[in-house]
Amino acid sequence: MTVRSGFEIMLALAASAADSDLPVIVIPAQSQIKMPAFQASAWDFLSNPFGLLECQTRIRNWLEVRPLYLRLQAHNDLQGNPARERPSELRES
């Protein structure tokens, strides 16, 4: 079995159609990892040291938000999302 870094796993999840919007919470060892983690599809992060209550709360929040996000995404797909119709320069910015 090949060993993969957390970034490689996040990028693979983002590339997968089924898991492209999977909420990923990162626990970076170093503070400079935060922005690259967000750019690699992380939705949130915990800073070390973190408490169990903070971790449980963030996970619970994402479990509550995820179904709403999926419903909004399905609604946008049915209605046609104007952001997808914009020129690629606007989407990239």
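Reader: Hi! Let's start with F45: is F45 buried, partly exposed or exposed?
Author: F45 has 22% relative accessibility, so F45 counts as partly exposed. Buried means under 20% relative accessible area, exposed over 50%, and partly exposed in between, with a 1.4 Å probe and protein chains only. Keep in mind that this is a predicted model, where local features need pLDDT of at least 70 and side-chain atom pairs count only at pLDDT 80 or more, while totals for chains, interfaces and linings use all residues. Residues are numbered from 1 along each chain as its sequence is written, and side-chain values use heavy atoms, with hydrogens and water left out.

Reader: Which residue pairs with W43 edge-to-face?
Author: Y69 does, with 5.2 Å from centre to centre and 75° between the planes. W43 sits in the loop between helix 2 (34-39) and strand 2 (44-45), while Y69 is in helix 3 (residues 52-79), so this pair ties together parts that are 26 residues apart in sequence. Helices (H or I, at least four residues) and strands (E, at least two) are DSSP runs, numbered from the N terminus. W43 is partly exposed at 22%, and Y69 is partly exposed at 29%. Ring pairs also link W43, W62 and Y69 into a cluster.

Reader: Switching topic: where is D44?
Author: D44 is in strand 2. With 14% relative accessibility, D44 counts as buried.

Reader: Which side chain does the D44 side chain make a polar contact with?
Author: That of R58, at 2.8 Å. A polar contact is a pair of N or O atoms within 3.5 Å; within protein, one must be able to donate a hydrogen and the other to accept it, and residues adjacent in sequence count only if both atoms are side-chain atoms. Setting aside neighbours within four places in sequence, D44 is in contact (heavy atoms within 4.5 Å) with V24, I25, V26, F38, R58 and W62.

Reader: Which residues make up the largest nonpolar core?
Author: Six residues: M10, V24, V26, A37, A40 and A42. A nonpolar core is a set of buried Ala, Val, Leu, Ile, Met, Phe, Trp, Tyr and Cys residues joined through side-chain atoms within 4.5 Å. Beyond residues up to four places away in sequence, A42 touches M10, V24, V26 and A37.

Reader: Why would they gather like that?
Author: In soluble globular proteins, nonpolar side chains tend to be buried together.

Reader: Where is I27, and what does I27 touch?
Author: I27 is in the loop between strand 1 (25-26) and helix 2. Not counting residues up to four places away in sequence, I27 touches L46, N48 and F50. I27 is partly exposed, at 41%.

Reader: Last one: how many helices and strands does the chain have?
Author: The chain has five helices and two strands, running α-β-α-β-α-α-α from the N terminus on. Of its 93 residues, 13% count as buried.

Conventions: Rings of Phe, Tyr and Trp (its six-membered ring) pair if their centres lie within 6.5 Å; planes under 30 degrees apart count as stacked, over 60 as edge-to-face and the rest as tilted.
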